[in-house]
Amino acid sequence: MERGIDKIVNTSKYDILRETWIYQEIKQEVVHEEHQQFLQAQRQLLMEIVEARFPRLLSLATSIVPSITELSALHALILCISKARLEKDARQSLNRAGQTEKSAGSML
């Protein structure tokens, strides 16, 4: 029975901690780092798919993929490359993604 009470008391301590500015700042930093790690893992996955399916496009992908910063754009490109039947289709998808990133970068 005492353990239950201790748990309630400790939970309220953590709730108080969660409301502090430092906790919020650290949490935001952790979320950002996790996002960056996931983005990098998705970039690596795309590169591996390109290398396995269309090795002649590896240098093109290497020049485009690192500049993709939106997970949704990266996800869409992974799907396009995965479903591409011909190298020509994969090249068009990569070029389109590269143009999209260039135009997004110029708007910043």
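Mentor: A salt bridge is a side-chain nitrogen of Lys or Arg within 4 Å of a carboxyl oxygen of Asp or Glu. The model discussed here is predicted.

Trainee: How many salt bridges does a search of the whole structure find?

Mentor: One joins R18 to D15, another joins E87 to R56, and a further one brings together the side chains of E87 and R91. For the whole structure, the search gives a total of 3.

Trainee: How far apart are the closest N and O atoms of R18 and D15?

Mentor: R18 and D15 are 3 residues apart in helix 1 (residues 2-18), and therefore about one helical turn separates them. R18 is partly exposed at 38% relative accessible area, and D15 is partly exposed at 36%. The closest N and O atoms of this salt bridge lie at a distance of 3.0 Å.

Trainee: Where does R56, the salt-bridge partner of E87, lie?

Mentor: The closest N and O atoms of E87 and R56 are 2.9 Å apart. This pair links distant parts of the chain, being 31 residues apart, with E87 in helix 5 (residues 87-107) and R56 in the loop between helix 2 and helix 3 (58-64).

Trainee: Is R56 buried or exposed?

Mentor: Over 50% relative accessible area is the cut-off for exposed. R56 has a relative accessibility of 67%, so R56 counts as exposed.

Trainee: Is R43 buried or exposed?

Mentor: R43 is found in helix 2. Leaving aside residues up to four places away in sequence, R43 touches V65, P66, I68, T69 and L74. Buried means under 20% relative accessible area; the value for R43 is 12%, so R43 is buried.

Trainee: Which residues gather in a patch of negative charge on the surface?

Mentor: A residue in such a patch must have over 30% relative accessible area and no salt bridge. E25, one of the members, is found in helix 2 (residues 21-53) and is partly exposed, with a relative accessible area of 47%. The negative patch on the surface consists of E25, E29, E33 and E34.

How values were computed:
Residues are numbered from 1 along each chain as its sequence is written. This is a predicted model: local features need pLDDT of at least 70, side-chain atom pairs count only at pLDDT 80 or more; totals for chains, interfaces and linings use all residues. Side-chain values use heavy atoms; hydrogens and water are left out. Patches are made of residues with over 30% relative accessible area and no salt bridge: like charges are joined within 9 Å, nonpolar side chains (Val, Leu, Ile, Met, Phe, Trp, Tyr) within 5 Å. Accessible areas come from the Shrake-Rupley method with a 1.4 Å probe; for residues, only the protein chains shown count as cover. Lys and Arg count as positive and Asp and Glu as negative; His and the chain ends are not counted. The place of a charge is taken as NZ of Lys, CZ of Arg, CG of Asp or CD of Glu. Helices (H or I, at least four residues) and strands (E, at least two) are DSSP runs, numbered from the N terminus. Buried means under 20% relative accessible area, exposed over 50%, partly exposed in between (1.4 Å probe, protein chains only). Contact means heavy atoms within 4.5 Å.
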